[in-house]
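Dear colleague,

Please find below the structure I promised to pass on to you. My notes on it follow directly after.

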Amino acid sequence: MSEMITADLVDLDLSADTKEAAARALAERMVAQGRVTDLDGFLADVAAREAQMPTGLDGGIGIPHCRSEHVTEPTLAFGRSAAGIDFGAPDGPADLIFLIAAPAGADDAHLTILSSLARQLMNAEFTSALRAVDDAAAAAALIRGEEPPAAETPAASQDSATVSNAAASAGTVTDGKAPVPGATVDDGIAPVPGATDAEGAQPFRIVAVTSCPTGIAHTYMAAESLENAGREAGVEVAVETQGSAGFTRLDPAVIAAADGVIFAHDVPVRDKDRFAGKPTVDVGVKAGINKPAELISEVRGKAARGEVTAGSAPGTPVERAGESGEGYGTKLRKWLMSGVSYMVPFVAAGGLLIALGFAIGGYKINKAPSVMDHFLWTQADSWGALFFQIGVVSFGFLVPVLAGYIAYGMADRPGLVPGFVGGAISLTINAGFLGGLAAGLIAGGVVIGIQKVKIPAALRGIMPVVVIPLISAAIVGFLMFVVIGKPIASAQKGMTDWLNGLTGTNAVLLGMLLGLMMCFDLGGPVNKVAYTFATAGIAVASPSDSAMKIMAAVMAAGMVPPLAMALATTVRGKLFTQTERENGKAAWVLGASFISEGAIPFAAADPLRVIPSAMVGGAVTGALSMAFGATLRAPHGGIFVVPLIGNPFLYLIAIAAGVCVTTALVVVLKGMRKQAPVGAATEVADAGISAKANSKEPVAA
């Protein structure tokens, strides 16, 4: 196997000033060596990975990395920046940049090699030597774990020899071979050698799981960091690394003997139930890298207090420290979005079925008798009634699902029962959508409170199936029926009456506001707030005229950004990169389907021009749709549900007007730049996030 890094893949005077430019400079070296076949395609994959989570680490390290079909063999490029480059690390810019490229079908041995490098980045001697080395060949040798070339200076040789020895002890690859025995990257398990204290007492034992979206770097760096912190604290730490090279499960006996569990992950932990019933700390993978000592201290504290996870739900999101600086406002948004994301498919299915029922059977189909009693296979009205009634049943799940999965986002599976119960009560007392929000938050909070109570070991087995559902459902039911239900129902009625009373200028202004929100972050939280507001209004068998106008305005505005970007790349292609022009072709279909994320590549590449332009166009469309009185019973579908739209011709004119406005603004603003094509760095971001956007569910709108 050829060497993964050579002197030609090292730049000790990296002059780039942005992470995109740094990735391009290092990737160009890979292209020159035949390691990467398509520069732009590879950089798009790097940017897509970067969009998932910043790759900057404490200690001045940046590790952009990805798996890509444009990589011919596992490759590593290294750059050293004197000025430092911002990769999103909490402690500031990075001066050591490692670009890791793995083929889409890389075998386990290659990925093991890359993961061993990630572990070495936790070695202070290793990074210090890289900062001191003054020759590219010596730097490459240091990274490979070899002795540097004889031509190097004595100082450099001494530094690299030190790192080489450290690499060998940690299991770093030498001459392209697999790690030495004991390296955790080989089998995913690395118990820290245990030792009893002076009195023979057994040390505290922790099992941990680390994982990240790509499974190449952060996974193994978190493992190394936790193990090092464990050694310093006199704690046994056994880590299961669930990386791209697969994983070997921790021995069940090791898990059973553990006193606590740490999950440091950004993707779901596989076979998580194995760790249930133990004190658990659940955080993002970067927390495992940056603050391992705090995590060990936290899990020891939970063990001392007798806090354990219940049933098959180890840890709860509210217990997560998450990324540095994450507060309860961020967590609240995540909990609410969890509920919305599970609710929206019910909205789409139920809404489209109801709309189809009206389209087939007419607007009196809601008065039809049950199809159980009257259904004729050859009669259109019977099919219309069937679709309508199935849609109504689907809509009946909206509020319980919303509440249930808000509680799930807070307290995991134990939150489902009280969440669903609270949501169903919200429908019973006519508290509607607002009641569902309140019920979900209350249910999650109640379950979290119950889980904090110290329970005798003999009772822990019945907690998740008997005690938690019983107590939490009773408390949530009491609060919804007796305490807060009536005020929320009054607020829901007030909001509904306000919407029904909107006419003239007020309606147009609301349409304008919703249009701005839909185009502000293109599928992000603000966009989802507007979309959820609209779908909540039609989530009944017979929505009001105002609610259907709002739904129409929201969908029309959400179609504008991708359609406008597609049109702009068609009429003034020279203002866009080749990658953006290709994205523009897909944006036609995405926009027509009401998938606002189709414009994300363009917004990410040039946010100051694209986002304001999109917002203006969305505001125009939303206002015109409301002014024209267009209505919509379906919560999704784009142009494919035009037959279900009231005043469809004027509705399409509103969309066309917004598209033209956005297109004109984008073309004018881009044309005012000194250089017409988008820079290399932005090209990286646009295509990369395109891959991300196209993978999202259409209902995100």
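Helix α13, in this predicted model, covers residues 380-395. Its 16 residues reach 23 Å from the first C-alpha to the last, close to the 22 Å expected at 1.5 Å a residue. Among the buried residues of α13 are Gly-384, Phe-388, Gly-391 and Phe-395.

Helix α15 (residues 416-428) has 13 residues and spans 18 Å between its first and last C-alpha, close to the expected 18 Å. Which of its residues are buried? They are Pro-418, Gly-419, Gly-422, Gly-423, Ile-425 and Ser-426. Seen down the axis of α15, these residues fall within an arc of 160°, so they line one face of the helix. Such a pattern can be read from the geometry of an α-helix: with 3.6 residues a turn, residues three or four places apart point the same way. The cover over the buried residues of α15 includes α14 (398-411), α16 (432-451) and α17. After α15 comes Asn-430, which has a positive phi, near 65°.

Two further residues may be of interest. Gly-230 lies in helix α8 (residues 218-233) and counts as buried because its relative accessibility is 0%. Beyond its neighbours within four places in sequence, Gly-230 is in contact with Val-235, Val-237 and Ile-296. Its C-alpha is separated by 8.7 Å from that of Ile-206, 24 residues apart along the chain.

Val-482, in helix α17 (residues 463-483), counts as exposed because its relative accessibility is 58%, where the cut-off is over 50%. Together with Phe-478, Phe-481 and Val-483, Val-482 forms a nonpolar patch on the surface, with about 410 Å² of accessible area together.

Yours sincerely

Key. Residues numbered from 1 in each chain as written. Predicted model: local features only at pLDDT ≥ 70, side-chain atom pairs only at ≥ 80, totals over all residues. Heavy atoms only, no water. Helix = DSSP H or I, 4+ residues; strand = E, 2+ residues; numbered from the N terminus. Expected span 1.5 Å × (residues − 1). Buried < 20%, exposed > 50% of the residue type's maximum accessible area, 1.4 Å probe, protein only. Patch = residues over 30% accessible without salt bridge, like charges linked within 9 Å, V, L, I, M, F, W, Y side chains within 5 Å. Areas by Shrake-Rupley, 256 points an atom, 1.4 Å probe, with all protein chains shown as cover. Salt bridge = Lys/Arg side-chain N within 4 Å of Asp/Glu carboxyl O. Contact = heavy atoms within 4.5 Å. Arc of directions from axis to C-beta.
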